[in-house]
Amino acid sequence: HLPEPMIFEKEGVYLHTNAKRSNQDTTIPGFIRIVERAGVPALEWSPLEDDGRNAPAVLYSRKDGEGGEEDTNFDPGYEPDWAVISTVKKDREHVPVKESGQWAFSLPLSELYSLRRARFSLGRNFLVLTSRGGHPLPPLHFHRGGTRELLRALQHYIILDQSPVDGRLFLAYPLDSGALSQSFDKLHLLDDGGSDLVSRFIHDPYATTFGGFSKVTNFFRAALRPPDSPAHSRPAQDPSLPSQPDDEPGFELITCGVELGPRPDVTRGRPLGNWEEFLDSEGRVKNPEKVKELVFRGGITPSLRKEIWKFLLGFYPWNSTTKEREDILRVKTDEYFRMKVQWKSVSEEQEMRNSLLRGYRNLIERDVNRTDRHNTFFSGNDNPGLTLLHDVLMTYCMYNFDLGYVQGMSDLLSPILFVTQNEVESFWCLTGFMELVHQNFEESQEAMKQQLLQLSVLLKALDPELCDFLDSQDSGSLCFCFRWLLIWFKREFSFEDILILWEVLWTRLPCDNFHLLIACAILQSQRGELIGSDHDFNTILKHINELTMKLDLLSMLRGAEAIYLQLVRCKDLPLKVQQVLGLYVPSSSDEESPDSQSSETQRLLAQSQAAAAASSSACGSSSP
């Protein structure tokens, strides 16, 4: 048996396992290699054996004949059944990655989908590889340098193309021109035929790039030269970028790609306190947008909170008269009690044969007994507030039986019930709130995953160094923010602060995803603590969880608004960021006009400018 041809080898490449038990290694030294097996090039990592034993497997292990298994003993530090996304996928697709030993892996280069290379100021270079099945491998930390040499070696077998969305991300494409043509055709990026264009790319990449890829930024920059081209084997260094102190000066072409201007100072306004001046003679709200703007700027005076919340949450239409609202309340009261009677009239014998309703009731009873018991409205035994909390949640199950009750919904109801202190009104306000967040509680968790992805898009634009650090500690998924987004920071701020935060978010100003900007403000407020210490995955999660009740709401609101204004003023804001902020709405005409923006864009930009002007004029009179 002949040895497999080895094209590249580098020692000093470590895996950081973030093992929880102290008797296990947290960093595993090893080799990274490019080898050809039966003529198929593959990227392999194997641990450096120590005293005849292999480094232990903690995460990303694979048993004989089984798919990848992840650590199921993960302890998030709080209720795990809804606080974080489960990372265990028992029936996921087969990933064409062969592992020898407990941590070693071998990935055919044809199955390499992407490579993310980064360097944060207090750490070394590291690479995050993702297979075409969409599954990332453990980050590879190059303690002795060598990423440049590895990437140059890879370019003999694949094309590494810098992503137009993330400057640190490189997408892998085959050198085979037929496969490349198919990629062009599927992307619909070229007007001409794919095969002819591949030839044109190889011979004159720049002219063809400017002619056919005007829609895409930095697409296939320099990567389409033939593998034996000197410029291909050794990419030119951008003279505007500083050299690295190690052996990495030749490949440091990776930049964020988003040049943000200074972050403006933002001040908060006074709470909305004079409600009558916004009503006409028949009780209609004359200027709902002005009301929302004032609520966003400063919240609501406690004495008016109950009335205005009913408008913000859709219980009353903004254009309804006082008489119409009386009629609405009467109709809604009848409807509520009809639904309440449905579950109240179910006998114990019937419920024994209805496992779904019985399960909802058990969950509600368990959660009600531990929801906001520190608040006097819900404290003590046999508290009528607890009975109302239970009854409203049970009635919501009849209103939306498909969704029913999911853990965390009691957290959404308790502040509403505290403010309204009315069973019927709190129910219908809850239904309005759930219209905004019901997808958070769906079993698929697709909405939660989407929000975490959107949060990642924002954070990469704002703070790529922080993203790099989190990536290096297997925390780039931001799963530790799951609870924040699920119940809108209910467990992170005091009960009184949540009343203010939620009414601000209910205005949907300055964009629907303002809660993601709140999350960005919190993360950036902690960047010094995170990057400047020896945190790993578990300690990052622990640190974030311990922020509960330690955050200053007004600072976070100012920070989130300042982030929004900073982003919308950026002239070259990536489309992905624009989409998260509601500044860009994809349409069927996007291919013909990729830079087109909806009228909503202009409205929000004008709104942000008005907000900035209002902030400046309010400096002398606004509360901090």
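Helices here are DSSP runs of H or I with at least four residues, and strands are runs of E with at least two, numbered from the N terminus. The model is predicted: local features need pLDDT of at least 70, side-chain atom pairs count only at pLDDT 80 or more, and totals for chains, interfaces and linings use all residues. Residues are numbered from 1 along each chain as its sequence is written, and side-chain values use heavy atoms, with hydrogens and water left out.

**Overview**

The protein has 24 helices and 11 strands. It holds 624 residues, and 51% of them count as buried. Buried means under 20% relative accessible area, exposed means over 50%, and partly exposed lies in between (1.4 Å probe, protein chains only). The accessible surface is about 29200 Å². Carbon and sulfur atoms supply 50% of that surface. These areas come from the Shrake-Rupley method with a 1.4 Å probe; for residues, only the protein chains shown count as cover.

A contact means heavy atoms within 4.5 Å. Among contacts with a separation of 6 or more, 65% join residues 24 or more positions apart.

**A buried serine**

Ser-426 sits in helix H14, which covers residues 423-437. Ser-426 counts as buried because its relative accessibility is 0%. Leaving out residues up to four places away in sequence, Ser-426 touches Val-392, Leu-413, Ile-416, Leu-417 and Thr-420.

**Salt bridges**

A salt bridge is a side-chain nitrogen of Lys or Arg within 4 Å of a carboxyl oxygen of Asp or Glu. The structure holds 29 of them.

| Pair | Closest N to O distance |
|---|---|
| Glu-307 and Lys-310 | 3.7 Å |
| Lys-323 and Asp-327 | 3.1 Å |

Take helix H8, residues 302-312, to start with. Glu-307 and Lys-310 both lie in this helix, 3 residues apart, or about one turn. Glu-307 is partly exposed, at 27% relative accessible area. Lys-310, by contrast, is buried, at 4%. The pair also belongs to a network of salt bridges that links Lys-306, Glu-307, Lys-310 and Glu-425.

Next comes helix H9, residues 322-344. Lys-323 and Asp-327 are 4 residues apart there, so about one helical turn separates them. Arg-330 and Asp-327 are 3 residues apart in helix H9, again about one helical turn. Asp-327 is partly exposed, with a relative accessible area of 26%. Arg-330 also counts as partly exposed, at 49% relative accessibility.
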